[in-house]
Amino acid sequence: MNSIIKESLKESFSYQEYRSFVTALAKNNATTGHEQREDLVHYTQLNDARLHRLDKTMQLTDEVKSFLENLKKEYTWLVISESWCGDAAQILPIINKMATVSDKINLRIVLRDENEELMNQFLTNGTKSIPKLIIIDKESNEVIADFGPRPIGAKQLILDYKTEHGVVDETAKIELQKWYLQDKGISTQKEIVGLMK
């Protein structure tokens, strides 16, 4: 594992710590990141409610559960996130459910703006898109794969919308949330498991 990942892990949150942190921010009209803007505070509050709901309702498929329960190796799953990120609020509860099924996965979370060097190693088409899951083999300390910021179907929805309208606006964000609602986390589960096979 390279030194940047090692350093980032020192400052990382467990999922429960992250959830408590986001809830505290939401209550105090604050957000993570370098900018404290009203819209980002609003998204943090929205995401806190979303995380709370998904923590209760998110279900893993039997196939994914079985795969994770039978892992032979140990892994560190490191997620880069921010409290205002809508995709992170949809995806983190899934990743957490997956990690809790197996005693071979240690899930840790870091903030993008506080871990710029790490983020720069996992850019998506040159952008600092989040969330980003980095899958690390615990024995070899090698990064075996990364996932994010969205599952393929959600990526395509945004690409198509951008092609048609030239921007990703509020309507696009609503369409994306509807996509996540209908998908029920299945695409994310399958894609992450696919990276580990």
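A crossing of two helices is left-handed if the near helix is turned anticlockwise from the far one by less than a right angle, and right-handed if clockwise. The model is predicted, so local features need pLDDT of at least 70 and side-chain atom pairs count only at pLDDT 80 or more, while totals for chains, interfaces and linings use all residues. Residues are numbered from 1 along each chain as its sequence is written, and side-chain values use heavy atoms, without hydrogens and water.

Helix H5 spans residues 86-101, and helix H9 spans residues 186-196. Helices (H or I, at least four residues) and strands (E, at least two) are DSSP runs, numbered from the N terminus. H5 passes H9 in a right-handed crossing. In this contact, Ile91, Ile94, Ile95 and Met98 of H5 meet Thr188, Gln189, Ile192 and Val193 of H9. Contact means heavy atoms within 4.5 Å.

Strand S1 (residues 75-81) and strand S2 run parallel and are joined by seven bridges. Two strands pair if DSSP finds at least two bridges between them. Trp77 has Leu107 in S2 as its bridge partner. S2 covers residues 105-111, and six of its seven residues are buried. Buried means under 20% relative accessible area, exposed over 50%, and partly exposed in between (1.4 Å probe, protein chains only).

Arg53 lies in helix H3 (residues 38-57). Its relative accessibility is 36%, so Arg53 counts as partly exposed. Arg53 and Pro93 are 40 residues apart in sequence. Their C-alpha atoms are 9.3 Å apart in space.

Conventions. Axes are lines fitted to C-alpha atoms, for helices over the stretch in contact, and angles run from 0 to 180 degrees between N-to-C directions.
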